[in-house]
Amino acid sequence: DVGYSLAEEQDFQDDYSGLDYMAATFHRWLQEPGRLVFIAKMNSRVALESALLVDGGHTVVFQGFRVAPDLRGSGIAGGLQEHVTNYIRRHYPEVSVVRRSRGDQPSAESLAKYRLIAKEVGPRRQTLGSTFTLQHKDLTQSSPHGPVILTQPQAETLILSNHVVYDLLPGKTIINNWEPLKPMEANLEVLRRRGLTWIVDHEVDPSVVSLSTPPYAVPYRHDALHFNINIFGHSLISVCTVFLAQLEALLPSLRGYLIVYTHVDPQIWPGLRQFCQNKANVSFFKAYCEDVVLESDLRCTSAL
């Protein structure tokens, strides 16, 4: 017996540990404009999926999908995804596109249903993947021209510019911590709500643009703080400079054990890893994977 409904405050179940973000986002998601959070409940245990309306209401981004460990293999996952998709079709007929991010390689069957929009190298969630951990250290490195922290208006103007959209963004997509958005005016409010730190290597015609989420507590250990950095660009030297600038922007106000997921162009990853091992005083978890952004027409969407 499975019941489907929109989630409420009391529905949160902390079945995850380590670096899971849901404890920090669940209650905020319930209040976010344009977001619906769904649960499927079986024997007082839940599966969860959320749907965020973006692109002026014409696209829905599915995020946060998870199933309580003891319910896996019961069919509840497919049932919930079907319920959410049908709900969007009924209540939001203007939505025509579904977008989602995945941290594993899609199967041939999935690629037959979805269009592959973009790729980045990033973390494998369940195994603490392409992650850097650092104790509170002084990471200082000078640059002749210096990276620049942008104001919100500067960032919004830049992220919509033709240079950034066509030359830097993967698949012409803004990706913030697994959240893929088209670079358009209608999505700027979503980015404002994220409280991001934007850093570029040059204020005019940058070769690298980066954004970082605010840190939040995770149960990996008692003093652990987690945040995400997405870096768009193809110049290794500039990526390394901006990566350190993002860390330096956070360190003055933070204490504890910091864990960062860093998402970059797959061709940049080997060089960034070598740089961090040699010069950045960071340590690594072992694995990494390619983050992929998938998209499909809503009328054709089925469970992955």
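The model is predicted, so to speak of local features takes pLDDT of at least 70 and side-chain atom pairs count only at pLDDT 80 or more, while totals for chains, interfaces and linings use all residues. Residues are numbered from 1 along each chain as its sequence is written, and side-chain values use heavy atoms, with hydrogens and water left out.

Helix 2 runs over residues 76-91 and spans 22 Å from its first C-alpha to its last, close to the expected 22 Å (1.5 Å times one less than the number of residues). Helices here are DSSP runs of H or I with at least four residues, and strands are E runs of at least two. Its buried residues include Leu80, Val84, Tyr87 and Ile88 (buried is under 20% relative accessible area, exposed over 50%, partly exposed in between, with a 1.4 Å probe and protein chains only). These buried residues pack against strands 1, 2, 3, 4 and 5, contact being heavy atoms within 4.5 Å.

As for rings, there are 4 aromatic pairs (Phe, Tyr or six-membered Trp rings with centres within 6.5 Å; planes under 30 degrees apart are stacked, over 60 edge-to-face, the rest tilted). Phenylalanine 38 and tyrosine 87 sit 5.1 Å apart centre to centre with planes at 75°, so they go edge-to-face. Phenylalanine 38 belongs to strand 2 and tyrosine 87 to helix 2, so the pair links parts 49 residues apart in sequence. Both are buried. Tyrosine 220 and tyrosine 257, by contrast, are stacked, at 6.1 Å and 20°. Tyrosine 220 is partly exposed at 30% relative accessible area, while tyrosine 257 is buried at 11%.
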